[in-house]
Amino acid sequence: MKITSATFLTSAPDLEGCPELQLPEFAFIGRSNVGKSSLLNMLTGKKGLAKVSGSPGHTRLINFFTINGRWTLVDLPGYGYAKISKQAREKFQEMIADFMVNRENLSCVFALIDARLSPQQSDLEFVRWLMEGGVPFVLVFTKSDKLKASKIEKNIAAFTDAMSEWCDGLPRIFTSSAKTGSGRQDLLTFIGQAIG
Ligand code: GDP
């Protein structure tokens, strides 16, 4: 798929505040600093589309972008903020969960994982939650330029091994680099096929 237009539509604090749209939606989420903003900018070819390393306050909204007038890219807030209170964190996670479970036109969630790291408990818990909640998702291992292919394979295998304890079959797995653009075509082709 070629990106011909990518424009910011609106932001919403929760599911209730989300716009009523007919277009299929593809949502991106991961722990803060996973490289989500960089990936969104790389995918759309628009440098300033998502704010790289934006302040946590600013990134606690659900951001919608219309792509090619045909689908909606949803930038979900990062999970796992250490700096907010437990109560605030729980409320915030409820808001994201509500969106992913109840958003009617949500086609797929792209769960971003830092390829450099061994499996992180918070990522595994999140992915398990997606699976058990019946949310359609794929995994994207980010920052692949930062390490050797063999090391990436090792980290992915460790992650999928840990998943296999509670998961029959595995989701689609992608790797990406915002720096080199690797993975871009694979992700866009996947979205293109999903929207038909
Ligand atoms: P976010 O918090 O998930 O939106 O992450 P950002 O996109 O702001 O990226 C966090 C940091 O990782 C920034 O310093 C980026 O420049 C860096 N980064 C993000 N993606 C990549 C990548 O693919 N390769 C490399 N080398 N650095 C990356």
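**Close-up views of a predicted model**

**View 1. Asn63 stands opposite Asp75 in E4.** Welcome to this predicted model, in which local features need pLDDT of at least 70, side-chain atom pairs count only at pLDDT 80 or more, and totals for chains, interfaces and linings use all residues. Residues are numbered from 1 along each chain as its sequence is written, and side-chain values use heavy atoms, leaving out hydrogens and water. Strands E3 (residues 62–67) and E4 (residues 71–75) pair in the antiparallel sense over five bridges; pairing requires at least two DSSP bridges between two strands. Helices (H or I, at least four residues) and strands (E, at least two) are DSSP runs, numbered from the N terminus.

**View 2. Seven strands form an open, mixed sheet in the order E1-E3-E4-E2-E5-E6-E7.** Its edge strands, E1 (6–12) and E7 (173–175), each pair on one side only.

**View 3. Helix H1 (residues 36–44) packs with helix H5 (residues 184–195) at about 75°, their axes 10 Å apart.** Axes are lines fitted to C-alpha atoms, for helices over the stretch in contact, and angles run from 0 to 180 degrees between N-to-C directions. Here Leu39, Met42, Leu43 and Thr44 of H1 meet Arg184, Leu187 and Leu188 of H5 (contact means heavy atoms within 4.5 Å).

**View 4. The whole structure holds zero disulfides.** A disulfide is a pair of cysteine sulfur atoms within 2.5 Å. For Cys18, the nearest cysteine sulfur, that of Cys108, is 17 Å away. The sulfur of Cys108 lies 14 Å from the closest cysteine sulfur, in Cys167, too far for a bond. Cys18 is buried, at 9% relative accessible area, and Cys108 is buried at 5% (buried means under 20%, exposed over 50%, partly exposed in between, with a 1.4 Å probe and protein chains only).
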